[in-house]
Amino acid sequence: MISLYTRDLKKEKDFLIYELGKINIVFSTAENDRSFNRHKDFGVYNLNSIVKDFNLDNIQYLNQIHSDNVFVYNKINGDIRSKEGDALITKEENTAIGVFTADCVPIIIADVKNNIIASIHSGWKGTFNSIVLKTLNKMQKDFNIDINETKVFIGPHIRQCCYEVSYELKESFIEKTKIEESKLFKDRNLSMEECILKDIREFGIKESNIYSLKLCTHCEEDIKLYSYRKSIGTYGRLFSFAFIK
C-alpha cells in the first residue's frame, strides 16, 4: 500500500485531485465550508457546480443507505440518482460519479487501461459486508477489468485513532474478518481501512496499486474536513468522485 499525502495531490479550490491519465480522482474538503448534502438546496447547487468546475456533462450519485448494493451507470439507461445503493460504476466519459461521507470511508477504483471507474461509500455496515470486494467482482463480471492495471484509492475517513465501537460490534468484526485483533483494533477502536485492505488484496489488486490518503475526518488539523462524530448538531458532507475525460 502506498500512503498518499496532500503534497501528492493537486489542490484546486476546496478539492484534492489526483490525475491518472484520462481519469481524475477528486476528494472534497471543508476548507470553504462547501457541503454536498443532496437533501438540501445548497447541497444540490454545490453538486451541480462540479459539472461546471470540471467541465463535465453530468454528475451521478445514489441515495445511500449503508447497503452493499452496487449499480452501473450508462447514458442509455439514464439518471439513477433515485436508486438506493452505495457503490456506482461507469465507463461513461465526462460524467462524475461520487459518494457522500462525513466519517465513512470513500473509495475510488480505477482501471486505468480500460478507463472504468467506481465510487464506493463504505461505513461500518458496508465494510462489514465487503462492499468493496463486491464492487470489484461486479467490475470484473460486467467489464472484465484488468486486475494488474486497476488502482484503488481510500479517501479521508474516521480512522482507528478516533473510531470507537461497541464490544458487540468488535467481536462481530473479529469473527467475520479473521484479521488479527491487534491489527484490526486498539482496545475498541476499529480500523475500517484494515478490513477494506483485506478485501482488496483478496481480489488480487497489487500492493503498489493501493493508495491511502492518510487523513482522519475526526482529528485532522491541517486540512478542514467534515465529521459526523465531531459535529454538534448539523454537519456537512464531503463528496468524493471520479470522472473520465
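This is a predicted model: local features need pLDDT of at least 70, side-chain atom pairs count only at pLDDT 80 or more; totals for chains, interfaces and linings use all residues.
Residues are numbered from 1 along each chain as its sequence is written, and side-chain values use heavy atoms, with hydrogens and water left out.

An open sheet of 7 strands has the order 1-14-11-9-10-7-6 with mixed pairing; strands (E, at least two residues) and helices (H or I, at least four residues) are DSSP runs numbered from the N terminus, and two strands pair if DSSP finds at least two bridges between them. Strand 1 (2-4) and strand 6 (70-73) are the edge strands, each pairing on one side only. The twist averages 20° from one strand to the next, where axes are lines fitted to C-alpha atoms, for helices over the stretch in contact, and angles run from 0 to 180 degrees between N-to-C directions.

Strand 9 (105-111) pairs with strand 10 in the antiparallel sense over 7 bridges, and I107 has I120 as its bridge partner in strand 10. Strand 9 also pairs with strand 11 in the antiparallel sense, over 5 bridges, with V152 in strand 11 as the bridge partner of I109. Because 7 of the 7 residues of strand 9 are buried, this strand is largely enclosed by the rest of the structure; buried means under 20% relative accessible area, exposed over 50%, and partly exposed in between (1.4 Å probe, protein chains only). V105, I107, I109 and D111 point one way from strand 9, whereas P106, I108 and A110 point the other way.

The loop between strand 9 and strand 10 contains N115. In this hairpin, which has 4 residues between the strands, N115 takes a positive phi near 55°. N115 is buried, with a relative accessible area of 18%. Residues up to four places away in sequence not counted, N115 touches K22, I23, K91 and I244 (contact: heavy atoms within 4.5 Å).

Strand 14 is joined to strand 11 by 3 bridges in a parallel arrangement, where F153 stands opposite Y211. Strand 14 also pairs with strand 1 in the parallel sense over 3 bridges, and S212 is the bridge partner of S3. Both faces of strand 14 are covered, with I210 and S212 buried on one side and Y211 and L213 on the other.

Helix 3 lies across strand 6, strand 7, strand 9, strand 10 and strand 11, running at about 160° to strand 10. Helix 6 packs on the sheet, touching strand 9, strand 10, strand 11 and strand 14 (210-213), and its direction makes about 175° with that of strand 11.

The largest nonpolar core has 38 residues, of which I107, I109, V132, L184, L190 and I200 touch the most other members. A nonpolar core is a set of buried Ala, Val, Leu, Ile, Met, Phe, Trp, Tyr and Cys residues joined through side-chain atoms within 4.5 Å. Among the elements supplying at least two residues each are strand 7 (87-90), helix 3 (131-143) and helix 6 (192-203). A second, separate core of 27 residues includes L20, A30, Y211 and I223. Neighbours within four places in sequence left aside, the contacts of I107 are A118, S119, I120, S122, V132, V152, F153 and I196.

Another open sheet, of 6 strands, has the order 2-3-4-15-8-5 and mixed pairing. The edge strands are strand 2 (10-12) and strand 5 (58-60). Strand 4 (residues 23-28) and strand 15 (residues 238-244) run antiparallel, joined by 5 bridges, and I25 stands opposite A242 in strand 15. Helix 1 (residues 41-53) lies across strand 3 (15-20), strand 5, strand 8 (95-101) and strand 15, at about 140° to strand 5.

The largest pocket has a volume of about 520 Å³. On a 1 Å grid over the protein atoms alone, a pocket is an open set of points where a 1.4 Å probe fits, with protein on both sides within 12 Å along at least five of seven lines, and lining residues have an atom within 4 Å of a point. Grid points are joined across faces, edges and corners, and the volume is the space filled by probe spheres set on the points. The lining comprises 23 residues, of which H66, A102, C104, H121 and Y235 lie nearest the pocket centre. Strand 8 and helix 2 (124-128) are the elements that give two or more residues to this lining.
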